[in-house]
Amino acid sequence: MIVRPIALGQALRRTPVTPTSVAALLDGHAAQVEFRRIVEEIFPEAAAEILAARRPGERREQTRVATFLDRVGAELFPVYELEEYEQVAGGVPVVRNGWNYERHHDLDIHTGELLLSVLCSPAYDDGARLALLDAAEQHVPRALLATIPEEGFTPADLHARLDSTPYVAAAEFADWQWGQTETVFLDADDEVDVDIEWNRENLSVLAEQWRRAEEILDRITALTGWIEADLPARFARLVDAVLERDHHLAYLEERRCYAFEITPEGIVAVQSDAIPLPIGAAV
């Protein structure tokens, strides 16, 4: 069958672009332009490398976005993974590790964090503390738990009792649960919308917040690891410190008021650094 010229012309005629297709193309171009602006502002010296990145089997857009966010995570602070220019243009995707309602009620956590939670006043007044105490009783004696006030201690209470002691991380843990660390990484959770514009000033602030958040998390990890190494003896020592009845800790605090002390090696200067976590059980 011979195709008539008119029919052939109709078949080859370019189909008009629909308005929605044009709008989508323009939106995509705008997001790409904004992404390029962000990359060039945040990493001016590496912008060309980021924009020229290629990965086998990956879309160019996805590769560029991943390369950019990998550098943010490596040099500044952790961010969520994204794949599109538009997602990046929407704001800085900071990782949010705050305690939401569900996490506050999750008892399947590390033993050290479980016991630190027992010290803290609940952020939600919904009766869940009874279940928390029952779970803690699987690890430490009920008599020890009974020495803790029924509603626990507020972050302010714990700071007043534990700042400048080896156990300050217990107060910082309470700050974390209550969303009071003054870092977006620990105070916000995935259910909170965080709208942070990409610019060097904001990223400098976020980088400093992440450094503080890391220090807090490191101290909490050290404290929980110390507790878990000798349950329940070390938790008893922590409770004694909170209740201000740890005589050894009182001695260590008092010696910080002096410039020198007498030791078997003679008179030496008293170190004013933070007191390390003590080894051994409460006495």
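Let's start with two rings. Tryptophan 99 is buried, and phenylalanine 173 is buried too. Keep in mind that this is a predicted model.

These two residues form an aromatic pair, edge-to-face, with 5.7 Å centre to centre and 80° between the planes. The pair links distant parts of the chain. Tryptophan 99 sits in the loop between helix 5 (85-89) and helix 6 (101-104), phenylalanine 173 sits in helix 11, and 74 residues separate them. What sits over the ring of tryptophan 99? The charged end of arginine 103, 4.3 Å from the ring centre.

Next pair. Tyrosine 101 and tyrosine 124 are also edge-to-face, at 4.9 Å centre to centre and 85° between the planes. Tyrosine 101 lies in helix 6 and tyrosine 124 in the loop between helix 7 and helix 8 (129-136), so this pair ties together parts 23 residues apart in sequence.

Arginine 71 has its charged end over the ring of phenylalanine 43, 5.8 Å from the centre.

Now back to helix 11, and its packing on helix 7. Two packed helices are described by the angle between their axes and the distance between the axes. Here the axes of helix 7 (residues 111-119) and helix 11 come within 10 Å and cross at roughly 85°. Angles from 65 to 115 degrees count as roughly perpendicular, so helix 7 and helix 11 fall in that class. Who meets whom? From helix 7, Glu113, Leu116 and Ser117; from helix 11, Ala170, Phe173, Trp176 and Gln177. By type, the contact residues divide into four nonpolar, two polar and one charged.

On to helix 4 (residues 60-75), which holds threonine 67. Threonine 67 counts as buried, at 19% relative accessibility; the cut-off is under 20%. Leaving aside neighbours within four places in sequence, threonine 67 contacts Ile50, Ala53 and Arg55.

Last, backbone geometry. Leucine 231 and proline 232 are joined by a cis peptide bond, omega about -5°. Proline 232 lies in the loop between helix 13 (200-228) and helix 14 (233-242).

Serine 164 has a positive phi, near 70°. That serine 164 is in the loop between helix 10 (155-162) and helix 11 (168-178), and is partly exposed at 47%. Glutamate 182 has a positive phi too, near 65°. Glutamate 182 lies between helix 11 and helix 12 (184-187), in the loop, and counts as exposed at 65%.

Key. Residues are numbered from 1 along each chain as its sequence is written. This is a predicted model: local features need pLDDT of at least 70, side-chain atom pairs count only at pLDDT 80 or more; totals for chains, interfaces and linings use all residues. Side-chain values use heavy atoms; hydrogens and water are left out. Helices (H or I, at least four residues) and strands (E, at least two) are DSSP runs, numbered from the N terminus. Buried means under 20% relative accessible area, exposed over 50%, partly exposed in between (1.4 Å probe, protein chains only). Axes are lines fitted to C-alpha atoms, for helices over the stretch in contact, and angles run from 0 to 180 degrees between N-to-C directions. Angles under 35 degrees count as roughly parallel, over 145 as roughly antiparallel, 65 to 115 as roughly perpendicular and the rest as oblique. Contact means heavy atoms within 4.5 Å. Ala, Val, Leu, Ile, Met, Phe, Trp, Tyr, Cys and Pro count as nonpolar, Asp, Glu, Lys and Arg as charged, and the others, Gly among them, as polar. Rings of Phe, Tyr and Trp (its six-membered ring) pair if their centres lie within 6.5 Å; planes under 30 degrees apart count as stacked, over 60 as edge-to-face and the rest as tilted. A charge sits over a ring if NZ of Lys or CZ of Arg is within 6 Å of the ring centre and within 35 degrees of the ring normal.
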